[in-house]
Amino acid sequence: MRVELLVVPCCPHENVASERLRQALDDTGHAMTPVVVREVTAEMVAGTPEFAGSPTILVDGADPFAEQAAGPGAFSCRVYHGELGLSGAPSVEQLRQVLRR
């Protein structure tokens, strides 16, 4: 499994997204799976169609939360809909569900 975290420079949600992603990977038996963090600059957005705001999580090149995205190519913060409302990153449980598929 290939897991990537795409973020803009100084993303305020990078740490929480990274921590939740690592927890979900550990919880689902993927403790040895690395998370590759890629910084996306404004100049790179057009060439990164899978990027839908920061942070974007990709699993094997696909955004499992694409239906929640405002659209591709957003050089801005991303909002996720979770159990407790809106958040700057998916919840650990949402990530567990994605990783169990």
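I take a salt bridge to be a side-chain nitrogen of Lys or Arg within 4 Å of a carboxyl oxygen of Asp or Glu.

**Entry 1: ground rules.** The model is predicted, so I note that local features need pLDDT of at least 70 and side-chain atom pairs count only at pLDDT 80 or more, while totals for chains, interfaces and linings use all residues. Residues are numbered from 1 along each chain as its sequence is written, and side-chain values use heavy atoms, with hydrogens and water left out.

**Entry 2: the sheet.** I looked up the strands next. Helices (H or I, at least four residues) and strands (E, at least two) are DSSP runs, numbered from the N terminus, and two strands pair if DSSP finds at least two bridges between them. Which order do the strands of the open sheet have? I found β2-β1-β3, 3 strands with mixed pairing. The edges are β2 (35–39) and β3 (56–59), each of which pairs on one side only. On average, neighbouring strands are turned by 20 degrees against each other, direction ignored. My note on angles: axes are lines fitted to C-alpha atoms, for helices over the stretch in contact, and angles run from 0 to 180 degrees between N-to-C directions.

Strand β1 (residues 3–7) runs antiparallel to β3, and 4 bridges join the two. I picked out Leu5, whose bridge partner in β3 is Ile57.

**Entry 3: helix α1 on the sheet.** Helix α1 (residues 14–27) lies across β1, β2 and β3, and runs at about 170 degrees to β1.

**Entry 4: α1 against α2.** I then checked how the two helices meet. Their axes come within 8 Å and cross at roughly 45 degrees. That makes α1 oblique to α2; angles under 35 degrees count as roughly parallel, over 145 as roughly antiparallel, 65 to 115 as roughly perpendicular and the rest as oblique. The crossing is right-handed, meaning that the near helix is turned clockwise from the far one by less than a right angle. On the α1 side I find Arg20, Leu21, Gln23, Ala24, Leu25 and Asp27 in the contact, and on the α2 side Val92, Leu95, Arg96 and Leu99. Contact here means heavy atoms within 4.5 Å.

**Entry 5: salt bridges.** How many salt bridges are there by the rule above? The count is 8.

I started with Asp27 and Arg96, whose side chains meet in one of them (2.7 Å, N to O). Asp27 is in α1 and Arg96 in α2 (residues 92–100), so this pair ties together parts 69 residues apart in sequence. Asp27 is partly exposed at 35% relative accessibility, and so is Arg96 at 21%. For the terms, buried means under 20% relative accessible area, exposed over 50%, and partly exposed in between (1.4 Å probe, protein chains only).

Arg96 also forms a salt bridge with Glu93, with the closest N and O atoms 3.0 Å apart. Both lie in helix α2, 3 residues apart, about one turn of the helix. Glu93 is partly exposed at 29%. Elsewhere, salt bridges that share partners join Arg2, Glu4, Arg38 and Glu50 into one network.

Last, I looked at Asp63 and Arg78, which meet in a salt bridge (2.8 Å, N to O). Both lie in the loop between β3 and β4 (80–82), so the pair ties together parts 15 residues apart in sequence. Are they buried or exposed? Asp63 is buried at 15%, and Arg78 is buried at 3%.
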